[in-house]
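Visitor: Could you take me through this structure step by step? I am new to reading models of this kind.

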Amino acid sequence: MGMTMTQKILAKHAGLDNVVPGQLIQAKLDIVMGNDITTAVALNEFKKTGATEVFDTDKVVIVLDHFTPNKDIKAAEQCKSCRTFAYDMNIKNFFDVGKAGIEHALLPEQGIVVPGQVIIGADSHTCTYGALGAFSTGIGSTDMAIGMATGECWFKVPSAIKFEIVGKKPPYVSGKDVILHIIGKIGVDGALYRSMEFTGEGIKELSMDDRFTIANMAIEAGAKNGIFPVDEACIAYAKEHSRKTFDIFEGDVDAEYDEEITIDLSSLEPTVSFPHLPDNTRTIDQVGDVKIDQVVIGSCTNGRIEDMAIAADILRGKKVSDHVRTIIIPATQEIYLECIRREYVTDFIEAGAIFSMPTCGPCLGGHMGILAAGERCVSTTNRNFVGRMGHVESEVYLASPAVAAASAIAGKIADPRKIGGNAE
Amino acid sequence: MNAKGKVLKYGDNVDTDVIIPARYLNVSNGEELAKYCMIDIDPDFTNKAKKGDIIIGLKNFGCGSSREHAPLAIKCAGISCVIASTFARIFYRNAINIGLPILECDEAANDIDNGNVVSIDFDSGIITNHTKNRTYQAQPFPPFIKEIMASGGLVEQTKEKIKG
């Protein structure tokens with residue numbers, strides 16, 4: 001039996017010729033990553049193992065991005081413990097305030113992750129790097145600790161669902177709409193324990209930023225990982241951002257999949273996930289009249305330059321509703337700078353939005369945009385669980401940056417095709 | 001290894017944000033986290049939960065974030081086992097890694113009611129419902145996972161390996 005792309009990467013890193021779904025393996029790790037919340041737990045577990053140094057000072061990455069700049073004294077203490085650990089361990093890829101950005105935008109941008117790697121991150125959205133044709137998955141703090149100590153991690157080899165992407169993407173439909181559509185179709189546990197392997201001629205329609213957004217939300221369908229083939233666009237991205245050499249893996253033609261699902265891009269509409277699960281999706285024509293109090297454009301899902309570009313295009317020369325607090329957060333310092341160079345920051349501020357430094361902040365109800373009881377937010381983030389962005393009686397509607405920007409102007413969930421952008 | 005306790009039952013997709021909301025993640029101490037365990041799904045949880053009690057969820061228990069604070073809060077709240085129809089995968093491995101016993105058993109998860117008294121034999125995977133006088137067979141842990149649990153978690157197991 002042939003192997004899927006994920007299985008081939010795992011087999012190689014476990015030193016095996018062949019693996020089968022369900023097999024428990026021990027794999028060598030190319031990158032072990034953590035953030036300020038999860039590393040704070042991991043460093044204590046690391047010390048308990050008796051290890052005195054990390055397995056490779058180039059392969060451990062610590063990014064202080066969640067509660068930074070320190071939101072309160074306890075968060076400051078947590079960040080301090082991570083910082084001290086990073087310095088003591090001589091960790092090369094340590095990103096503190098000033099260098100830091102949201103981890104899953106930062107690692108590809110900085111060329112730390114490349115195709116063919118096995119990456120674990122103590123953050124559920126670590127599956128993002130599957131856009132680069134790597135096996136990348138979220139784990140917890142103990143796995144991070146053991147990964148840092150030994151350079152290895154245990155995995156159960158996953159089976160896979162194949163998504164055949166076909167057709168041409170219509171205007172104002174983005175990677176976010178593709179993944180929300182898929183989650184709506186298969187459910188929040190539709191890919192539980194499994195890989196989501198994307199393939200097909202429609203992939204060339206998807207920019208790398210689209211692919212990062214799609215792979216990022218594989219976890220919201222319960223998947224272990226999401227993975228894209230390494231095509232010309234991917235190779236160009238990897239070479240532009242990294243000096244590392246990399247291996248390209250392809251799924252075998254006789255690989256077995258649990259299911260095969262075709263996604264026709266041309267049939268997709270802007271899509272919104274209603275509270276309180278990402279699979280509670282509606283196309284934009286079905287949303288009805290939903291008045292909102294806040295819009296957040298940013299996060300590891302949608303804080304990249306293309307997300308900023310579409311938001312700027314829609315907001316330029318317009319005003320956000322007086323009743324909507326519009327918070328725009330570029331994911332990294334490099335994206336921030338590019339927004340300045342392209343004068344998006346002027347567009348945002350003149351439209352009445354706030355433009356902030358990189359942080360995960362509001363996405364997880366940490367800081368920088370917490371919701372009160374009864375408030376509604378259209379957010380380009382990834383989860384709309386009860387209380388995710390604040391009060392348990394607040395509501396989060398997940399959408400693309402285009403829908404979010406259009407909604408900020410309309411004061412209610414709105415179709416970007418009706419509000420329109422300047423580039424039309 | 002065995003567990004026995006009263007059941008606290010919840011539904012589908014109990015996510016890690018309701019198990020331990022991010023507003024409490026500025027600490028990493030298990031005892032402190034336990035004070036807020038399940039607060040956004042069941043604000044009375046810490047008053048109701050007694051040492052040894054068992055949590056039951058239906059499908060996709062522990063979905064969402066990778067925060068190990070979630071199984072840690074449950075473990076430190078004194079819960080002896082979580083039974084669910086299915087678990088989200090990061091929660092599943094985190095629970096094993098920190099030595100919180102969890103079992104997948106759709107029949108038990110559906111049939112056992114809130115407040116039932118249940119005992120579990122982890123070696124055989126047999127779950128006994130003393131209130132309803134019924135038993136259910138869960139898949140016992142594979143040997144690889146039994147070894148981690150027997151060591152008291154992945155850290156203890158790695159410590160033994162590092163010492164050689």
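Visitor: What kind of model is it, and how is everything numbered?
Guide: This is a predicted model, in which local features need pLDDT of at least 70 and side-chain atom pairs count only at pLDDT 80 or more, while totals for chains, interfaces and linings use all residues. Residues are numbered from 1 along each chain as its sequence is written, and chains are lettered from A and ligands numbered from 1 in the order in which they are written.

Visitor: What pLDDT does chain B average?
Guide: Chain B averages 95, and 99% of its residues score at least 70; pLDDT is the predictor's confidence in each residue, from 0 to 100. For the complex, the predictor gives an ipTM of 0.96 and a pTM of 0.97.

Visitor: How many helices and strands does chain A have?
Guide: Chain A has 14 helices and 18 strands. These are DSSP runs numbered from the N terminus: helices are H or I with at least four residues, strands are E with at least two.

Visitor: Why does the radius of gyration of chain A agree with a compact globule?
Guide: A compact globule of 424 residues would have a value near 22 Å, and chain A has 20 Å, which agrees. The radius is taken over C-alpha atoms, and the globule rule is 2.2 Å times the number of residues to the power 0.38.

Visitor: What share of chain A is buried?
Guide: Buried residues make up 61% of its 424 residues. A residue is buried if 20 or more other C-beta atoms lie within 10 Å of its own, exposed if 12 or fewer, and partly exposed in between, with C-beta atoms placed from the backbone.

Visitor: How many residues are in the largest nonpolar core?
Guide: The largest core has 204 residues, and A:Leu10, A:Val295 and B:Val82 are among those with the most contacts inside it. Helix H13 (residues 401-410) of chain A gives the most to this core, with 7 residues. Such a core is a set of buried Ala, Val, Leu, Ile, Met, Phe, Trp, Tyr and Cys residues joined through C-beta atoms within 7 Å.

Visitor: What does B:Val82 touch?
Guide: Leaving aside neighbours within four places in sequence, its contacts include B:Ile55, B:Phe61 and B:Leu100. Two residues are in contact if their C-beta atoms, placed from the backbone, lie within 7 Å.

Visitor: How many residues does each chain bring to the contact between them?
Guide: The contact takes 44 residues from chain A and 38 residues from chain B. On the side of chain A, H5(A) gives the most, with 7 residues.

Visitor: Now for helix H8 of chain B: which residues are buried?
Guide: They are B:Leu154, B:Val155 and B:Thr158. Seen down the axis of H8(B), these buried residues fall within an arc of 95 degrees, so they line one face of the helix; the arc is that of the directions from the helix axis to the C-beta atoms. The face turned away from the buried side carries the exposed residues B:Glu160 and B:Lys163.

Visitor: And A:Phe155, is it buried or exposed?
Guide: A:Phe155 counts as buried because it has 24 C-beta neighbours inside 10 Å. A:Phe155 lies in strand E7 (residues 152-156) of chain A. Not counting residues up to four places away in sequence, A:Phe155 touches A:Leu10, A:Ile25 and A:Ala27.

Visitor: Where is A:Val114?
Guide: A:Val114 sits in the loop between helix H4 (103-109) and strand E5 (118-122) of chain A. A:Val114 and A:Ile248 are 134 residues apart in sequence and 9.7 Å apart in space, C-alpha to C-alpha.
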